[in-house]
Amino acid sequence: MNTNHKNGKVRIGFYVCHCGHNIAGMVDCPAVAQYIAKLPGVVVSRDYKYMCSDPGQELIQQDIREHQLNRVVVASCSPLLHEHTFRNAVTAGGLNPFYFQMVNIREHDSWVHTDREEATAKAKSLAHAAICRVRFHRALETTRVPIHPDVLVVGGGITGIHAALTLGNAGKKVFLVERDPSIGGHMAQFDKTFPTLDCAACILTPKMSAVRSHENITLWSYSEVVKVSGYVGNYTVTVKRKPRYVNEDLCVGCLECIQACIFKEGKFPDEFNVGLSKRKPIYIPFPQAVPPVVVIDPDRCLQVRTGKCKKTCLEACADRKAIDFTQKEELVEIKVGNIIVATGFKLFDAKRIPQYGYGLYPNVVTAIELERLVNSSGPTAGEIVLRDGRPPKSVGMILCVGSRDMKTNRWCSRTCCMHSMKLAQLVREHTEADVTVFYMDIRAPGKGCEEFYDKSLKEGIQFVRGRVAEVTDWALAPEEEGKLVIRVEDTLAGFVRRIPVDMIVLATGMEPQADAQDVRRLFNMSCGTEGWFLEKHPKLAPVSTFTDGVFIAGCCQGPKDIPDSIAQAGAAAAEAMALIDKGHIEQEPNTAYIVEADCSGCKSCIPLCPYTAIAFDEAKQKAQINEALCKGCGTCVASCPSGSIRQNLFEDEEIFSEIEGVLAYV
Amino acid sequence: MKYSYFPGCSLKGLGRAYEESLLPVMKHLGVELVELDDWNCCGATAYMSVDETKAAVLAARNLAIAEKAGPRDLMAPCSACYLVLNKTKHNIADFPEINAAVQRALGNAKLTYSGNVPVRHPLDILVNDVGLDVIKEKVVRPLKGLKVAPYYGCQTVRPYATFDDAWNPTTMDRLLATAGAEVVHFPLKTKCCGGSLTGTVPEAGLRLTYILLKEAVRRGADVIATACPLCQFNLDAYQDQISRRWGPARIATVYFTQLMGLAFGLSPEQLGLKRNFVPMKPLQAEPVTA
Amino acid sequence: MSDPNWQPRIVAFFCNWCTYTAADLAGVSRLKHASNARVIRLMCSGRVDPQFILDALARGADGVLIGGCHLGDCHYGEGNYKTLRRFQMLQRLLRDMGIEDQRVRLEWISASEGERVKTVINDMVEQLRALGPLNLPQRRQDWDREMTPPAGPAGNSELAEQHAEPEAAHA
């Protein structure tokens, strides 16, 4: 079979990929192949249209067999994309996959340079470097890391719920951690969902109940993840369980304690009703909350804050004794193999666009506020009314508030066109008011959505194409008195219009959660430039992250609607299940190792390892590396004064030879 | 506190009530104003729309004189002068050709320009440098019962919203509230008054003026407070014509400095209030508070 | 003695998780930039041994660029802190050797900062163009020659002859 370079000669196969026009359009691939062909050790040097395709891969395999190749170098796209593909191809050809080296002449060359000569020269020198390097490659075996079968799902919105149920149904043990006192997320606040006009609560609450009663799901609501350590398959997570001051197992959800509270009426803004109504310090987030347990707000409850209260709530719960003011915050540690982060989004603060008058004019509301008004268990029992209680005769809906905007957020929030049309239809249904939607573009891409747009038009909802300049209360004509006037350029009609309405609804966009940066650091993830959690690849790996074993799903990855969130939840669950069912993961064998003979026992490496993989053997007076713990960063390798620590796949001579190769071609 | 002072042509001409009220108010607050020696017209918006380079040279002469006068900020009360001088500073900094022309021309007059004198509006200086607390102490006759519509005009906040918000500025609102007045909610506070169009294309310009007057009346204001001589003139001088053409719109328009002067206990005559076409209703007779 | 066709050559060590990914993103976004940098991929900027940098310069690189994750964001927790410390020590050595600061540069570039990869490379190329070639291999040869003792009795005049040649211009 194939030998290493010590006993036999190195026989290198080199392939340059055209990638259609992507590389060949800027790099002279045949010239690169010809240049490399002349280098010592290169037995085969070819250029081909699509190396990653089946015939391309077969070419490599054939050459390995026919030419007894013991090294393979492919110059094509980024190794982050296809290193895996080619390593598999090499293995299929009968050669150890780590005799393979990849050269990036697409993302780093053909796609970013404009001079053909320069791009080709760069390709030649990068390929030359790889040829030099690959000589020193050795056969390596991947290591296996076992995968703990339990999974942590962070976030109890529809996405987290669906992921937890999918995994739970597959027999995996799931911890579902949710920061708010109830699961359900934003979807619980919706009245109906587009395009089917299904009642949101009707389709969500069965899933919420299923979570509660599932034997495989441990639901920890009113809890937060505070620490994560470990690596794929072996995470240790610390969860902070915040005190409700109510015993979850004893509370039956009768709500008598809320009735009995010394606060006769609600006094504090109700979060679920987005501040449109008030609640008491002791409350349940909404009637269908899961868990159906009361919670006491520590910042507002007199007893918790001052210790001086009649505690009428305790009296009301005398027989069940579910209220417990001695509860304390608890830190619990769990071990899981995979983590799915589904922490959702927050809404744009409409006050940031003062021209729309939110906060200034009482009858300017946001879409979520209207959603609560429309909902029959909302603050107005489903009546759509203005602040003074009258039903509106005319409503204007302004789209893209805080989306597609150079001054605030540049992205499209994807759901606002659809939910605005939904609300428009509901307003027509409930009030017969005239509804006008002010849009820049109408985006209705999902199944049934374009038809929903048609239905909106047929129902007499007016659409004006123009970006609203301002909402004002100064009247120019008698019919504008007492109304809010929308000033907009109607771009299809070609002039500026003043449209008086009673009520204005702002379709505020989605934004990453306020603490997205803190959360992503907790899970060792990155955020994209816009603040959403970064996926491994926007097309091919939308739910994976660069950290193995940590997955993202739902709106925390980017704005999307409910069907797409559920799809991603299922995808993330499947990715986790793939790891769990296999039972182990193959780790890149880029671990560090110590050549004992050379180690002087100076101990400068010991404190460097973030995974505490390096220990000191007192008996031998030598440092030792635990391969299972080593993640292959190479920091200790660079620090060793005697050079006794080496790194597989990133040996000193491999890198030195790359440096030599990269500078060889002038 | 000491500032260089650029009155501009208006404050010595049609807008002299602005200067007549500004100077005693500043003096009352202990702010020393040193008028620039041999200043010239800033060119206003007219010259800039004809020849940007020459307009910059004209305006820059004032900035050079200000630099020579000393390391002090320059106060330009007329909003147009304020804007033109600031715009000139930007143009010189951003466009090398303009900078070269300015340096050459100034050189001929043995002047230099290095761009280190900030040009500021009295609203900015009063609120941010003097401070509302200090001003409140000087108020001996709060403008109780006087409903004021604060009107900033467009040039104090557009395109440079340096000391206040471009959409909803509040410096004048706060000043007037400190003086004890009841500040009326006036969403048109930065809407154009018509500017020079009132003279050249009156059907367009005066209509804009009408909208402002009508809305101020509708909101129950007793008087409109302005910070620009052209705004004051447009709002004050054409009310007969406007009423004939579009509808009744009768309300006094004064400079915010005149109102502040009244709050400080100065007399209407001292503050140039007799210069208004439409007289302001006299303030409620209140005993002067110590 | 400047070659009008001379182009600065930069050897870049990019960490796999952040900077290399950012460079890929620059590629995907087709952000065109100067072609003078050659990237060597490492798992972490902490793997960068100062010897790599010195070797690159000794072999003729005009500049070396190290790219890692922002402090606090290292995929392996703390590798980039070690890089920073090593870099600071190395910089002092390089200064003693007369090598300008702009030639060895440490940048923190996160995976989503494709635009930064472009600006850093372009900027570094401009700076190196202004500084001129480092050309350590040539300098080493010159130093070698200077150090070699003259042979034979006529050595002095030979030596004098050698030094009569105009000094190679160091940019």
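Reader: Which domains is chain A divided into?
Author: Bounds here come from an automatic or database domain assignment. On that basis chain A splits into domain 1 (12–140 + 659–665), domain 2 (256–316), domain 3 (346–511) and domain 4 (588–648).

Reader: How should I read the numbering and the model?
Author: This is a predicted model, where local features need pLDDT of at least 70, side-chain atom pairs count only at pLDDT 80 or more, and totals for chains, interfaces and linings use all residues. Residues are numbered from 1 along each chain as its sequence is written, chains are lettered from A and ligands numbered from 1 in the order in which they are written, and side-chain values use heavy atoms, leaving out hydrogens and water.

Reader: Is A:M421 buried or exposed?
Author: A:M421 sits in helix α12 (residues 416–431) of chain A, a helix being a DSSP run of H or I with at least four residues, numbered from the N terminus. Buried means under 20% relative accessible area and exposed over 50%, with partly exposed in between (1.4 Å probe, protein chains only). A:M421 has a relative accessible area of 1%, so the word is buried.

Reader: Which residue of chain A forms a salt bridge with B:R218?
Author: A salt bridge puts a side-chain nitrogen of Lys or Arg within 4 Å of a carboxyl oxygen of Asp or Glu. Chain B and chain A have two salt bridges between them. For B:R218, the closest N and O atoms are 2.5 Å apart, and the partner is A:E481.

Technical notes. Helices (H or I, at least four residues) and strands (E, at least two) are DSSP runs, numbered from the N terminus.
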